[in-house]
Amino acid sequence: MVTDEELTEISYKIDDLLVDLAKTHNIEPLNISSIVIARLIRMNESANCDDHFYQLLTQVPNWTKKAENRTLQ
């Protein structure tokens, strides 16, 4: 099982990757988000776990505060 520390490290690596992609291709954050969500949907459909993925998406809260004041900008 993945530890909290490993999840945090993975999350930060993904943050850095997204920023790098946005800068390299001069893409707005919303466009990057659209691409990533589409790829995640395809991946979960291919793995036959899309029902669980969609259920997970409905559980994501709309946070008004940024976690640990970390931003991608």
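This tour moves through the model from the whole chain to single residues.

**The whole chain**

The structure is a predicted model, in which local features need pLDDT of at least 70 and side-chain atom pairs count only at pLDDT 80 or more, while totals for chains, interfaces and linings use all residues. Residues are numbered from 1 along each chain as its sequence is written, and side-chain values use heavy atoms, with hydrogens and water left out.

Begin by displaying the entire chain as a cartoon. The chain contains three helices and zero strands, where helices (H or I, at least four residues) and strands (E, at least two) are DSSP runs numbered from the N terminus. Read from the N terminus, the order of elements is α-α-α.

Next, colour the chain by pLDDT, the predictor's confidence in each residue, from 0 to 100. The average for the chain is 86, and 84% of the residues score at least 70. Among the elements, H2 has the highest mean confidence, at 94, and H3 the lowest, at 89.

Of the 73 residues, 10% count as buried. Buried means under 20% relative accessible area, exposed over 50%, and partly exposed in between (1.4 Å probe, protein chains only).

Select Asn 26, which is found in the loop between helix H1 (4–25) and H2. Its phi is near 50°, a positive value in a residue other than glycine. Asn 26 is exposed, with a relative accessible area of 70%.

Proceed to Asn 48, placed in the loop between H2 and H3. Asn 48 is not a glycine, yet its phi is positive, at about 55°. With a relative accessibility of 68%, Asn 48 counts as exposed.

**Helices H2 and H3**

Select residues 29–46 for helix H2 and residues 50–58 for helix H3. Two packed helices are described by the angle between their axes and the distance between the axes. Here the angle is about 140° and the axes lie 7 Å apart. Axes are lines fitted to C-alpha atoms, for helices over the stretch in contact, and angles run from 0 to 180 degrees between N-to-C directions. H2 and H3 are therefore oblique to each other; angles under 35 degrees count as roughly parallel, over 145 as roughly antiparallel, 65 to 115 as roughly perpendicular and the rest as oblique.

Show the side chains where the two helices meet. On the H2 side are Leu 40, Ile 41, Asn 44 and Glu 45, and on the H3 side Asp 50, Phe 53 and Tyr 54. Contact means heavy atoms within 4.5 Å.

**Two buried residues**

Centre the view on Asn 44, in helix H2. Asn 44 is buried, with a relative accessible area of 11%. Leaving aside neighbours within four places in sequence, Asn 44 is in contact with Cys 49, Asp 50 and Phe 53.

Finish at Phe 53, in helix H3. Phe 53 is buried as well, its relative accessible area being 10%. Not counting residues up to four places away in sequence, Phe 53 touches Leu 40, Ile 41 and Asn 44.
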